[in-house]
Amino acid sequence: MSKDEPRVGIIGAGQLGRMLALAGYPLGIECVLLDKDPRSPGAQVAPSIAAELDDHDALRRLARGVDVVTLDIENVSIDALAALAGVAEIRPPVAAVAAAQDRLAEKELFRELGIPAAPFVAIDRAEDLGHAAALGWPLLLKTRRLGYDGRGQRLARSRDELEAAWAELGQRPAIAEGWVRFDRELSLVGARSSREAAFYPLAENTHRDGILVSTVAPFEDAKLQRQAESWLRAIFDRFDYRGVLTIELFSTRDGLLANEIAPRVHNSGHWTIEGAETSQFENHLRAVLDWPLGDTAARGYAGMLNLLGSMPPRERVLAFRGAHLHDYGKDPRPGRKLGHCTLLDGSRDRLLERLDELRAVLA
């Protein structure tokens with residue numbers, strides 16, 4: 001690549017880093033990744049530095065060779081990111097990453113911005129467990145840090161179960177969160193540059209054991225779309241945000257509740273690769289480089305199925321009319337996200353029928 005072509009450094013080279021790098025090639029963007037695994041999904045498609053994510057020397061080497069640094073995972077040392085100040089721009093901002101890393105800080109952010117969420121109690125020591133009973137039973141105990149895909153969470157139906165859950169989680173700083181009875185889980189993916197913000201349609205998500213298994217978009221509800229966009233815009237403004245940000249939501253009888261945010265491209269936005277005019281991955285790169293954002297309109301209806309634990313025979317998937325297969329290049333492991341499939345259709349009802357047919361093929 002010529003010296004005039006932009007370079008984006010990505011901390012983390014999982015499937016998200018891989019798809020960011022692939023989205024950059026048509027735009028003439030070179031992505032350089034950093035990950036401890038030299039065989040990571042991203043390293044298979046783009047130049048990569050093999051090092052721990054908190055290796056200050058390696059991070060500085062990455063930053064010195066690129067125009068901007070971004071992330072494919074939010075669980076990166078804040079001290080390590082802060083050490084890059086003056087070396088390269090970090091987008092999204094470090095403050096937004098710090099808020100998303102800590103469930104207590106995240107809930108306090110929602111409260112500060114007037115965004116409704118489940119009631120919660122901070123649990124820093126055993127004596128705090130008694131305060132959690134005021135939330136009612138059942139409740140969720142969640143570690144404050146390093147919790148994703150169902151990790152670091154326990155359901156408690158009584159004080160005894162809560163104490164057992166606290167012990168199982170290593171008595172680490174946590175929050176107890178009131179149980180939310182919801183009708184469906186939704187998410188909103190948005191992107192922001194210094195000049196503009198753009199929002200994708202709401203997506204409806206299905207989880208199993210805390211792991212996303214499928215997404216269908218758009219979820220068409222104009223009122224909920226406006227509400228979710230206003231919350232995401234408030235978070236954008238709070239941090240002077242750059243890049244893609246996702247907010248996960250519960251839809252209840254009384255309206256939306258915020259669950260958590262992710263300062264990066266998101267699994268529930270994978271449908272945008274084939275299903276939107278501009279994918280979340282391309283728009284993230286555009287946003288962090290402060291380029292004009294692309295159209296976020298949906299191309300009809302899209303369904304995404306995660307491929308967990310093992311990959312189905314490639315020929316069987318490709319024989320299914322209209323199926324778009326994405327293989328992340330990972331070794332099989334129970335519960336591991338190894339790839340995804342996307343289907344598009346002009347009819348939501350027909351899409352749901354065809355997704356059921358595809359599930360049978362993937363089984």
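**Exercise 1.** Which residues do ring pairs link into a cluster? Work it out, then classify the pair of Phe236 and Tyr241.

*Solution.* Keep in mind that this is a predicted model.
- Step 1: the cluster joined by ring pairs consists of Phe199, Phe236 and Tyr241.
- Step 2: for Phe236 and Tyr241, the ring centres are 5.5 Å apart and the planes meet at 35°, so we call this pair tilted.
- Step 3: now check how covered they are. Phe236 has a relative accessible area of 0% and is buried; Tyr241, at 1%, counts as buried too.

**Exercise 2.** Count the aromatic pairs, then look at how Phe182 and Phe250 are arranged.

*Solution.*
- Step 1: the count is four aromatic pairs.
- Step 2: Phe182 and Phe250 make one that is stacked, with 4.8 Å from centre to centre and 20° between the planes.
- Step 3: this pair ties together distant parts of the chain, 68 residues apart: Phe182 lies in the loop between strands S9 and S10, while Phe250 belongs to strand S14.
- Step 4: compare their surroundings. Phe182 is partly exposed at 36% relative accessible area, whereas Phe250, at 10%, is buried.

**Exercise 3.** Is helix H10 largely enclosed or largely open? Find out from its residues, then see what follows the helix.

*Solution.*
- Step 1: H10 covers residues 280-288. Its buried residues include Gln280, Phe281, His284 and Val288.
- Step 2: nine of the nine are buried, so the rest of the structure largely encloses H10.
- Step 3: after H10 comes Asp290, with a positive phi near 60°.

**Exercise 4.** Find the ring that the charged end of Arg238 sits over.

*Solution.* That ring belongs to Phe239, and the charged end of Arg238 is 5.1 Å from its centre.

Methods:
Residues numbered from 1 in each chain as written. Predicted model: local features only at pLDDT ≥ 70, side-chain atom pairs only at ≥ 80, totals over all residues. Heavy atoms only, no water. Buried < 20%, exposed > 50% of the residue type's maximum accessible area, 1.4 Å probe, protein only. Helix = DSSP H or I, 4+ residues; strand = E, 2+ residues; numbered from the N terminus. Phe/Tyr/Trp six-rings, centres within 6.5 Å; stacked < 30°, edge-to-face > 60°. Lys NZ or Arg CZ within 6 Å of the ring centre and 35° of its normal.
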